[in-house]
Amino acid sequence: MSGGIVVTGWGMVTPLGFNADFTWDALLEGTNPFVALKGPEWQGFEAPRAAQALEAWIPHTLLRRDRSLQLAVLAAEEAYKHAGLSKVPADRIGTTFSSSKGGVVSLLTAGKGPYESWDFLTDFFPHTAGQLLQQRLGFSGPALSVSSACSTGIGSIAMGARMLQDGECDAVITGSTESSIHPLIYAGFQNMGVLSNQWEGPAAFDLKRDGFLMGEGAAVMVLEREESAKKRKAPIQARLSGWALGADAYHPLEMEPKGQTIVPVIRKALKKAKLHSWDIGYINAHGTGTMLNDKVESQALYKVFGDKKAWVSSTKAATGHLLGAAGSVEAVISALALKEGVLPDTRNLTHPDPQCRIRHVENGGVKARVKHVLSLSYGFGGQLGAVIFSKV
């Protein structure tokens, strides 16, 4: 297969590490990212926990900016260097980068922190991160913000690929960021009944699953047309062979109970990639660890893949549920699994639910040289997304 869209670089900042390599190593080592949330603002909660991104050096010019923006810049600078984008004309680099909640913490804490003089509204909007990346890295191609709840990252990747196909730019910095660990947001998820009470952490697809725990982070991918990437001798990491977006449109918080709306999204992505279901070797599932999500997602996967079972895992118990950043972080993890030949496990999966009829990756991961991987994301309100990466 020749032509198409390729991945030439990536970067991540997660609760497992402040770059992609550290995140990947900690993911395979089984590092537990969850910590107790301390401070007077958390006293009204019983044992609140979340996965906070590891501290890294923050440029002094960003110290007054929202934390989601700081994480975005760190991930983008890593991806920019990884892809060698300095060789691409600034006006030919575009961005599709966003957040599901923008700088909501800056808004909610306005006037209470050490930088109360900062105009918090500047950091509040979901498109601000992409705008800041353009300013910071000096590129001036087209910019698009896709904010679609927990599928924001995959939506951004799909839109970036379309920009390249339309010839609007030669490279796209795409991804998402999220830092919204705040008592108000935490309370909202708690009131929905979707936060886990398991001390060892969430357990997707397990009989005892009871929800997820929040996390924060950012991830960036650099996408290019294969011809131009090869022309400038860019380090091609993988091919973005297929993608698709869809809508559940069933309920503001719940999913269509039989997975009927997920199935066509996966099949559209497979069709675009010119692949069959049995070609997929690994699936990074959305796998939130809630009773409904895991059951519905498993039903959809079984309908598409049947007994031609790809390995499946959810990495949210390893990173926390990164909300708007989940799709982009999990896309990078999927591409790394493809490149490294190691499939990460589903943490804390000890008693698989028989209703989740999938081929689980358990107990420390699986070494497997697969040719194609699929990453899935779904968001409250019904936003659905799928991306497929293939070996070059």
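Buried means under 20% relative accessible area and exposed over 50%, with partly exposed in between (1.4 Å probe, protein chains only). The model on screen is predicted: local features need pLDDT of at least 70, side-chain atom pairs count only at pLDDT 80 or more, and totals for chains, interfaces and linings use all residues. Residues are numbered from 1 along each chain as its sequence is written, and side-chain values use heavy atoms, leaving out hydrogens and water.

**Stop 1: D206 and K208**

Select D206 and K208, whose side chains meet in a salt bridge at 3.7 Å, N to O. A salt bridge here is a side-chain nitrogen of Lys or Arg within 4 Å of a carboxyl oxygen of Asp or Glu. K208 is partly exposed, with a relative accessible area of 27%. D206 is buried, at 1%.

**Stop 2: other salt bridges**

By this rule the count comes to 12 salt bridges. Select D123 and R65 next; their closest N and O atoms are 2.7 Å apart. D123 lies in helix 4 (residues 120–124) and R65 in the loop between strand 3 and helix 2 (67–83), so the pair ties together parts that are 58 residues apart in sequence. Helices (H or I, at least four residues) and strands (E, at least two) are DSSP runs, numbered from the N terminus. Both D123 and R65 are buried.

Now move to D170 and R225, a salt bridge with its closest N and O atoms 2.7 Å apart. D170 is in the loop between helix 6 (152–165) and strand 6 (171–178), and R225 is in strand 7 (residues 217–225), 55 residues away. D170 and R225 are both buried.

**Stop 3: helix 7**

Select residues 183–192, which form helix 7; its buried residues are P183, I185, Y186 and F189. Seen down the helix axis, they fall within an arc of 165 degrees, so they line one face; the arc is that of the directions from the helix axis to the C-beta atoms. The face turned away from this buried side carries the exposed residues L184 and N191. The buried residues of helix 7 pack against strand 3 (49–51) and helix 3 (104–108), where contact means heavy atoms within 4.5 Å. Just after helix 7, G193 takes a positive phi of about 80 degrees.

**Stop 4: helix 1 and helix 12**

Finally, select residues 20–29 (helix 1) and 326–340 (helix 12). On the helix 1 side, A20, W24 and L27 meet I333, L336, A337 and E340 of helix 12.

Conventions. Axes are lines fitted to C-alpha atoms, for helices over the stretch in contact, and angles run from 0 to 180 degrees between N-to-C directions.
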